[in-house]
Amino acid sequence: MTFRIGLVSDTHGLIRPEVVTALAGCDALLHAGDIGTLEVLETLQRLAPLHAIRGNVDRGSELAHVPEVRNLMLGGIRIHLVHRPQDVREPAARAADVVICGHSHRPRVDRVFGTLRINPGSAGPRRFSLPISVGILDVTEGRCRPHLITLGGPPRPQTQPGA
């Protein structure tokens, strides 16, 4: 059986309908910081159990109860959740199966010292020409399969028929 974890970051107070659609049906959700407002958390909590951390813009009293770092066990895997990649601490990262972070607004999946690292990108307001995106992490029998999903991509130039 597959355990599906929805990954979202950098909402900055905005929950797009396509984010809700992309994350529907997940068994759990992780928000990697820069939440923006309590309403974002409330909306996501209606979709699935939510685990969130604060980012560098989440400094108001409204989100003071949200921790800055989380170490979780979900779907049988160990997850280290932190907002800024530079704040990943190696003892916690090496103990994790997956490290999830946000901050850069750039979706990315890679491995560092054998540990899967995922940045789901930004699901909030568009920044420069970066995509709007979320992630999905499918966990089956301890194996992780990450997916990055681009939402509402930038307009593509129209081509003329026969071009």
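Predicted model: local features only at pLDDT ≥ 70, side-chain atom pairs only at ≥ 80, totals over all residues.

Visitor: What does the pLDDT of the protein average?

Guide: The average is 90, and 93% of the residues score at least 70.

Visitor: OK, sheets. What is the strand order in the one with S1?

Guide: That open sheet has five strands in the order S3-S2-S1-S9-S10, with mixed pairing. Strands (E, at least two residues) and helices (H or I, at least four) are DSSP runs numbered from the N terminus, and two strands pair if DSSP finds at least two bridges between them.

Visitor: Which strands stand at its edges?

Guide: Strand S3 (50-52) and strand S10 (143-151) do, and because each has a single partner strand, one side of each is left without a neighbour in the sheet. Neighbouring strands here are turned by 20 degrees against each other on average, direction ignored; axes are lines fitted to C-alpha atoms, for helices over the stretch in contact, and angles run from 0 to 180 degrees between N-to-C directions.

Visitor: And how do the pairs run, parallel or antiparallel?

Guide: S9 (residues 132-140) and S10 run antiparallel, joined by nine bridges, with Leu 137 opposite Pro 146 in S10. S1 and S9 are also antiparallel, over six bridges, and there Arg 4 stands opposite Asp 138. S1 and S2, by contrast, pair in the parallel sense over four bridges, with Gly 6 facing Leu 29 in S2.

Visitor: Where does helix H2 lie?

Guide: H2 (residues 38-45) lies across strand S1 (2-8), strand S2 (28-31) and S3, and runs at about 150 degrees to S3.

Visitor: Which of its residues are buried?

Guide: Val 40, Leu 41 and Leu 44 are buried, where buried means under 20% relative accessible area, exposed over 50% and partly exposed in between, with a 1.4 Å probe and protein chains only. These residues cover an arc of only 95 degrees around the axis, so they sit on the same side of H2; the arc is that of the directions from the helix axis to the C-beta atoms. Among the elements that cover the buried residues of H2 are S1, H1, S2 and S3.

Visitor: Switching topic, what is the strand order in the sheet with S4?

Guide: That is an open sheet of five strands in the order S4-S5-S6-S8-S7, with mixed pairing. Its edge strands are S4 (69-74) and S7, each pairing on one side only. S7 and S8 (residues 115-119) run antiparallel over five bridges, and Arg 111 stands opposite Leu 116 in S8.

Visitor: Last one, where is Ser 104, and what is it in contact with?

Guide: Ser 104 is in the loop between strand S6 (98-100) and strand S7 (108-112), and is partly exposed, with a relative accessible area of 26%. Leaving aside neighbours within four places in sequence, Ser 104 is in contact with Asn 119, Arg 127 and Leu 130.

Key
Residues numbered from 1 in each chain as written. Heavy atoms only, no water. Contact = heavy atoms within 4.5 Å. pLDDT = per-residue confidence, 0-100.
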